[in-house]
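Open the model in a viewer and keep the selection panel at hand. The stops below go from a sheet to an interface.

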Number of protein chains: 2
Amino acid sequence: MALIVQKYGGSSVANAERIQAVARRIAGAKDRGDQVVVVVSAMGDTTDDLIQLACSITQRPDEREMDLLLSTGEVVSCTLMAMALKSLGYQAVSLTGFQAGIRTEAAWGRARILRVDPDRIHHELEAGRIVVVAGFQGITDNLDVTTLGRGGSDTTAVALAAALGSPRCEIYTDVEGVYTADPRMVPEARKLSEIGYEDMLELATWGAKVMHPRAVELGQVWNIPILVASSFTEAPGTLIHGEANMEVRNKVSGIAHEMNVAKVTVRGVPDRPGIAASIFEPLARAGVSVDTIVQNASADNITDLSFTVAKQDLSKAMPQVEKTAREIGASGCLGEPGLGKVSIVGGGMQNAPGYAARMFRALYEAGINIEMITTSEIRITCLVREDRVKDAVVALHRAFELDQP
Amino acid sequence: MALIVQKYGGSSVANAERIQAVARRIAGAKDRGDQVVVVVSAMGDTTDDLIQLACSITQRPDEREMDLLLSTGEVVSCTLMAMALKSLGYQAVSLTGFQAGIRTEAAWGRARILRVDPDRIHHELEAGRIVVVAGFQGITDNLDVTTLGRGGSDTTAVALAAALGSPRCEIYTDVEGVYTADPRMVPEARKLSEIGYEDMLELATWGAKVMHPRAVELGQVWNIPILVASSFTEAPGTLIHGEANMEVRNKVSGIAHEMNVAKVTVRGVPDRPGIAASIFEPLARAGVSVDTIVQNASADNITDLSFTVAKQDLSKAMPQVEKTAREIGASGCLGEPGLGKVSIVGGGMQNAPGYAARMFRALYEAGINIEMITTSEIRITCLVREDRVKDAVVALHRAFELDQP
């Protein structure tokens with residue numbers, strides 16, 4: 001008898017029919033003799049609806065109140081799931097984040113889990129019950145309710161798996177697993193049966209959006225194998241774990257992409273200490289999140305500096321950058337919306353030459369211009385025009401033969 | 001500086017505009033220098049919507065899960081109210097029943113408050129904050145969420161007033177106070193400026209529906225004066241308290257009524273010990289709530305026994321009663337729907353003769369037949385045909401000169 005943690009996302013519990021269907025899946029796991037802890041997200045668009053409700057009261061809702069408000073979405077879905085399980089004849093109990101012992105720091109909207117007090121869950125499991133936990137939430141030592149931010153329910157699930165000593169965490173969603181590229185963009189994209197934590201992190205961070213990187217990281221730290229699969233089908237999913245058989249595989253796991261990127265370039269920057277700080281500090285104060293930064297090699301102590309921001313932040317970033325450019329004596333600055341990113345990701349790349357060259361050639365042959373290049377140990381990313389992102393992903397998927405098992 | 005507890009019902013917080021309007025009222029109380037604790041109900045029809053959601057999952061939702069589900073309605077409204085207060089520039093904090101220290105027994109759907117641990121509320125008040133508490137809910141010693149049943153938020157408010165040593169509990173609703181009769185039925189009905197707990201209990205129990213009797217009883221036990229007033233206007237309300245100046249007032253406080261009553265009569269009942277139990281025990285097991293019971297004087301050890309039930313319970317009651325009637329050798333039984341109750345209520349009645357006679361004469365002069373009579377120390381109730389209830393209320397209101405201050 002194993003203890004399995006399963007998580008079902010918002011689209012998996014979007015209405016009564018879906019909740020009943022998921023209850024039958026959970027019952028199946030129980031029938032196989034396992035102890036089952038289920039984590040649920042809020043139903044469908046509930047969280048967005050609650051945010052809209054708060055914004056109808058005030059344009060800047062208080063963060064503490066917002067967390068308590070949003071936590072109700074997952075409480076509703078976990079009680080309904082427990083009701084559905086009981087109506088099928090199974091013993092079940094719903095627990096709020098607080099009741100489930102999810103203790104967090106007092107950081108509204110983005111609280112990190114400090115610890116899990118699993119006594120209540122153990123007690124309910126020993127009584128033979130299926131335990132349904134409200135995801136995305138916890139409680140501070142002062143007994144204030146917090147939410148965990150984006151990917152919160154995934155994080156709840158992995159944290160519970162770690163705290164309960166579960167051998168596996170199962171994340172059920174509306175996709176069947178992790179693909180070599182976005183299947184909506186590349187019809188021949190192939191579902192991976194397994195992937196390492198690192199590769200999954202790069203894929204998710206750079207746009208695959210199957211599972212939040214934060215929960216993947218937590219799985220990596222606690223070495224919890226995570227199965228990502230669909231709650232709508234019986235197809236086998238993708239196992240994210242630490243022992244993926246990387247050495248003998250194609251070294252590129254998949255192609256990630258991201259839309260809505262803008263590039264800011266400051267030209268003719270005097271190359272002296274402190275310049276970078278003088279550019280980025282005002283942006284941080286204005287709440288602009290800066291992504292990739294590239295500084296070209298300096299010639300005659302004059303350099304060009306480029307970085308990317310989300311497209312919707314460009315109008316907020318430019319006045320700051322223009323002001324700084326004048327102050328530091330740069331020759332000018334330029335903001336370009338309409339860009340996107342495309343990346344090849346693979347754990348074996350750093351030890352094998354030629355990946356970058358193969359990537360650049362594939363883009364060249366597809367007639368796609370590269371606006372900027374950045375790399376990490378397991379990723380090579382090119383900035384391209386947004387209207388060429390799809391062509392780039394298709395070209396790279398083919399060039400690295402990702403449609404072949 | 002006093003500590004005031006205010007409660008706002010569902011219609012008072014039904015939408016964003018109402019919440020903002022109520023927030024301004026609360027701010028006014030704070031501006032007058034008082035410490036303010038606010039109890040809110042769920043917005044508008046939220047509770048009914050949540051019940052419907054649960055019933056879309058299963059026809060018989062589990063009671064524990066239902067309580068946790070329903071508790072979210074008041075959590076939503078209390079967070080929104082705290083946001084609204086903060087947006088007006090006031091310090092405020094929302095607290096769930098659990099955070100507010102409302103400890104109850106573990107009786108789902110109808111939990112009684114065992115005690116209030118007011119530490120957190122005191123702490124927040126001392127920090128200068130307006131405290132907004134989710135009504136209708138509490139938590140057991142096992143940390144399970146309960147709801148208090150009908151009138152729950154009123155009960156929360158009065159219990160908090162008692163626990164916090166508040167000199168007054170203010171209940172804001174969609175009526176301007178307690179009237180001498182239902183103003184929709186008697187246009188000349190007059191708002192009472194004050195009323196005793198006992199009279200209020202009889203008025204509310206017998207259909208005035210301004211405030212739940214349970215909360216009035218709690219106010220009586222703890223001697224908390226309760227002001228009932230409208231959240232939509234600035235009109236003065238009705239003060240419910242123990243020291244109403246009853247001796248010098250008109251002895252009848254008001255006319256109560258109730259629709260949808262059915263009468264069951266068992267005829268020719270052998271008058272021996274245990275007969276009443278044999279009739280009412282099967283009804284209790286069938287979940288039928290029996291109201292007024294009247295047994296006529298016995299002649300030759302044969303008696304008639306009548307009682308009332310809610311109209312919608314009549315079809316459930318009759319098969320039980322018919323079966324019992326056969327078993328005990330009664331001569332027959334009869335169910336009559338289409339009845340209603342009309343009552344005169346007044347704390348001074350028991351010490352002054354002639355009220356009953358005046359009531360019966362007024363009904364007689366209006367051509368209204370009396371089907372059954374029951375009395376308590378402060379109330380006389382007549383069962384009449386439902387289509388004559390309105391005429392009866394109007395006639396009694398005039399007969400006891402309730403339109404005169």
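Strands are DSSP runs of E with at least two residues, helices are runs of H or I with at least four residues, and both are numbered from the N terminus. Two strands count as paired if DSSP finds at least two bridges between them. This is a predicted model, in which local features need pLDDT of at least 70 and side-chain atom pairs count only at pLDDT 80 or more, while totals for chains, interfaces and linings use all residues. Residues are numbered from 1 along each chain as its sequence is written, and chains are lettered from A and ligands numbered from 1 in the order in which they are written.

Start with B:Val93, whose bridge partner in E6(B) is B:Val131. Then select E3(B) and strand E6 (residues 130-134) of chain B: the two run parallel and are joined by four bridges.

Now show the whole sheet. It is open, has eight strands in the order E3-E6-E2-E1-E9-E11-E12-E10 (chain B), and its pairing is mixed. Strand E3 (92-95) and strand E10 (194-196) of chain B are at the edges with a single partner strand each, so one side of each has no neighbour in the sheet.

Next, select helix H5 (residues 152-164) of chain B, which packs on the sheet and touches E6 and strand E1 (3-8) of chain B, among others. Contact here means C-beta atoms, placed from the backbone, within 7 Å.

Last, go to the interface, where 26 residues of chain A are in contact with 26 residues of chain B. On the chain A side, helix H1 (16-31), helix H2 (46-57) and helix H3 (63-87) each supply at least two residues. The largest share, 13 residues, comes from H3(A).

Definitions and conventions:
Two residues are in contact if their C-beta atoms, placed from the backbone, lie within 7 Å. Axes are lines fitted to C-alpha atoms, for helices over the stretch in contact, and angles run from 0 to 180 degrees between N-to-C directions.
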